[in-house]
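Visitor: Could you take me on a close look at the salt bridges here, and at the residues that form them?

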Amino acid sequence: MAIGKKVRMLNFCLVVVLVLSIIMLVGCANQVSKNDMAQEDKSTVKSEKPDDPSDTSSSHKPEEEKTKIVFWHNWSTGPSGESMKKSVEEFNKSQDEILVEPLFVATDGGDSITSKLLTAVAGGNPPDVMLASRYGIAEYMDALTILNDLAERDNINEEMFYEWAWEESIYEGQLLGLPYDGTARALFYNKDHFKEVGLDPDNPPLTIAELEEYAKKLTIKEGDRYKRFGLIPWYGEGWLYSWGWAFGGEFYDETTGKVTANHPKIVEALTWMTSFAEQFGIQDITSFTSSAGSNAMNPFISGQLSMMITGNWMIAQIDQYNPDLNYGISYIPTPDGKNFTTYVGGRALIIPKGVKNLEEAWEFVKWMCTSKEGQSLKKITGEFAAMPEVNTEIYGDDPRQDIFLEVLPNGRHRPVILAGNMMWDELAKAPDLVMNKQGTAKEVLDQITDKINKEIEKKKN
Amino acid sequence: MLELLVKNKTTKWIKPKLQSGIESRRAKYGYIFASLWITGLLLFYAYPLISSIYYSFTSYNVVSPARWIGLENYIELFSDPVFWIGIENTLYYALLSVPISVILGIFLAILLNMPIRGQGIFRTIFFIPTLVPVVATAIIWQWLLNPQFGLVNYLLATIGINGPPWLGDPVWSKPSLILMAQWGIGNSIIIYLAGLQDISKDYDDAARVDGASGLRKVWSITLPLLTPVIFFNMVMGIINALQVFTLPYALTYGTGNPANSLLFYSMYLYNNAFLYMNMGYASAMAWILFIVIMVITLILFRSSDRWVYYHGD
């Protein structure tokens with residue numbers, strides 16, 4: 001009857017409307033994020049201004065006459081947020097022509113705000129400067145101002161930076177941004193635990209074999225429950241990149257321009273990482289790692305994990321949450337106990353395409369990345385400056401940083417390719433896939449390598 | 001829903017013959033009021049929708065001009081293992097979560113429809129979780145399901161069961177997610193309740209006179225008369241389940257861990273669009289999803305003749 005038909009019609013209409021709305025996910029997100037940004041823009045500008053009265057008082061020019069540039073970053077809280085705030089303040093004080101307005105923009109997956117940048121560039125309203133993870137920038141180089149000419153004019157070149165910092169900012173000879181900072185990894189170990197099981201706390205493991213032996217000694221099992229793990233290779237910063245390079249693998253072949261994530265040494269590294277899971281039981285380790293918290297609850301800080309690959313920023317966290325922790329820092333072990341290296345990440349400052357104040361933006365980027373004042377503010381986050389001389393200055397008197405400063409010049413960076421984000425995602429999953437028997441290390445890495453190379457090929461065409 | 005209401009209202013105004021000047025003037029205002037919505041629909045819905053068809057045949061990264069590549073995106077998708085993982089996970093999720101939510105929803109609705117003391121309070125209790133934002137739900141459940149310190153495994157341990165790592169284990173992760181999704185069942189309960197109250201008391205009285213038991217009444221009277229509502233909730237449930245995104249995305253930060261077991265179709269679509277700069281590829285994925293949902297929905301509609309009874313049909 002009529003009612004029945006009506007209900008059916010209503011059902012059908014609803015279904016159609018709803019089904020169509022999924023398709024708009026793609027198209028609409030652009031609009032939404034743009035609106036979001038506009039709102040954030042206003043609120044930040046409002047809140048930032050009264051914050052720094054010192055800034056206006058020390059300047060000779062009234063604020064209105066300065067050139068305003070907008071700086072996007074994704075660090076809002078803690079030491080990193082502090083470092084951004086301080087950097088901008090210092091820069092604004094250091095000169096009289098440019099007023100940088102920092103703007104926090106939330107990340108959208110990974111460590112980047114790229115989708116928002118892309119929509120802003122496509123919409124013709126980009127920020128003047130943005131902080132970005134270096135490994136991903138080649139992927140959206142179409143949205144960037146290439147900086148070769150400006151760098152050449154102002155005598156900025158590779159000699160000022162670590163090799164990893166400079167090289168990771170260049171794609172096929174084009175300078176995509178200036179390197180800003182670096183994050184390095186090493187082995188942190190609990191000296192008290194070492195003493196407890198009769199290991200020498202001043203002789204941390206140097207080879208993979210020693211590392212394995214120590215890890216077994218340090219692990220404590222009570223009943224069928226682990227009370228303490230000696231080491232969980234992939235926990236913390238034990239990425240496949242960290243171990244792959246330690247094992248002597250290469251992720252990229254410069255000559256062919258192909259990704260080589262299935263390099264025999266990397267397969268070896270992944271096999272080793274995952275064999276660990278089998279020794280201790282994947283279920284138990286998973287239980288442990290997925291229960292682990294961060295900060296004060298970090299298992300290394302709370303003494304539930306004796307050795308861990310992590311970054312130098314952990315020093316500051318330990319100082320904050322458990323200053324009494326008796327720990328040491330050593331190289332990431334390698335198979336032969338020689339040729340220590342570290343996996344270095346970090347950010348660059350980029351200038352999007354189509355900015356209105358290119359010269360002013362460049363001035364700010366230069367100050368942040370190549371001036372002692374700008375670079376030494378990296379001390380706030382406990383990460384490294386991209387300029388070697390600055391690190392010696394800010395960390396030279398802290399013995400805990402010695403290992404890092406020693407291996408930094410040998411640091412390795414992720415390949416600069418057109419599919420950096422995908423490669424990161426895929427490699428981050430690899431240990432998990434192998435441990436859960438989705439394939440052997442070789443099979444999984446072959447598949448990933450193939451996928452990334454195809455993707456790069458596709459983007460090059 | 002709202003859009004539909006507005007639409008219905010305007011058509012109601014226009015439909016009757018325009019007998020007097022008042023009516024035609026009213027119609028004019030109707031158009032004026034509706035025009036805002038229509039403009040919005042064309043600009044923000046119709047335009048992106050249509051352009052996404054075009055982009056699905058191109059290589060497009062948002063900043064550079066799109067390059068026509070014909071069917072390449074579609075061809076590539078079918079040989080992309082992650083695409084198939086996404087489909088598999090999504091179908092698994094839909095196949096389990098929809099029946100569970102239908103059965104659980106009806107069961108709870110029938111209970112909540114019983115005239116007992118505190119009925120309103122119980123109804124409120126079951127509805128409250130739907131007011132919690134999805135991201136907050138994800139965090140709450142992450143704590144509840146924490147393998148070592150979580151409440152769920154603690155309770156299991158008290159009866160001697162060693163709980164699994166839940167979200168950390170690829171076997172248990174999807175069931176965990178389905179469990180979490182039932183947290184938001186309050187919305188469908190409300191629709192079932194409305195449907196239940198729509199059933200005339202006369203049938204019930206007649207059955208009682210004939211001596212039917214309570215269970216028999218539910219099976220032979222309530223359920224058949226509730227089928228239009230069940231059908232509606234099922235269709236909506238399937239559409240939502242096939243697009244599941246927010247909960248697993250918030251839980252895994254978009255990675256789909258462990259071992260890709262929580263990588264759902266929409267998440268891979270989103271990552272391609274906004275992380276890997278493959279807007280064309282993502283558009284193609286969106287259209288494949290559209291076709292899949294359309295086909296499943298049409299099949300459901302076809303089957304509805306056999307099992308859905310409308311009042312008075």
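This is a predicted model: local features need pLDDT of at least 70, side-chain atom pairs count only at pLDDT 80 or more; totals for chains, interfaces and linings use all residues.

Glu363(A), at 33%, is partly exposed. Both residues belong to helix α13 of chain A (residues 358-370), where three residues, about one turn of the helix, separate them.

This pair is one part of a total of 33 salt bridges over all chains. Let's turn to another, between Glu139(A) and Lys459(A), whose closest N and O atoms are 3.3 Å apart. Here distant parts of the chain are linked: Glu139(A) sits in the loop between β3 (129-133) and α5 (148-153) of chain A, while Lys459(A) is 320 residues away in helix α18 (residues 441-460). Glu139(A) is buried, with a relative accessible area of 6%, whereas Lys459(A) is partly exposed at 22%.

Now for Lys458(A), which makes a salt bridge to Glu76(B), with 3.4 Å between the closest N and O atoms. Lys458(A) lies in helix α18 of chain A and Glu76(B) in helix α3 (residues 72-78) of chain B, so this pair joins two chains. Lys458(A) counts as buried at 14% relative accessibility, and Glu76(B) as partly exposed at 22%.

Finally, these last two pairs come together: Glu139(A), Lys459(A), Lys458(A) and Glu76(B) belong to a network of salt bridges that also includes Glu455(A).

Conventions:
Residues are numbered from 1 along each chain as its sequence is written. Chains are lettered from A and ligands numbered from 1 in the order in which they are written. Side-chain values use heavy atoms; hydrogens and water are left out. A salt bridge is a side-chain nitrogen of Lys or Arg within 4 Å of a carboxyl oxygen of Asp or Glu. Helices (H or I, at least four residues) and strands (E, at least two) are DSSP runs, numbered from the N terminus. Buried means under 20% relative accessible area, exposed over 50%, partly exposed in between (1.4 Å probe, protein chains only).
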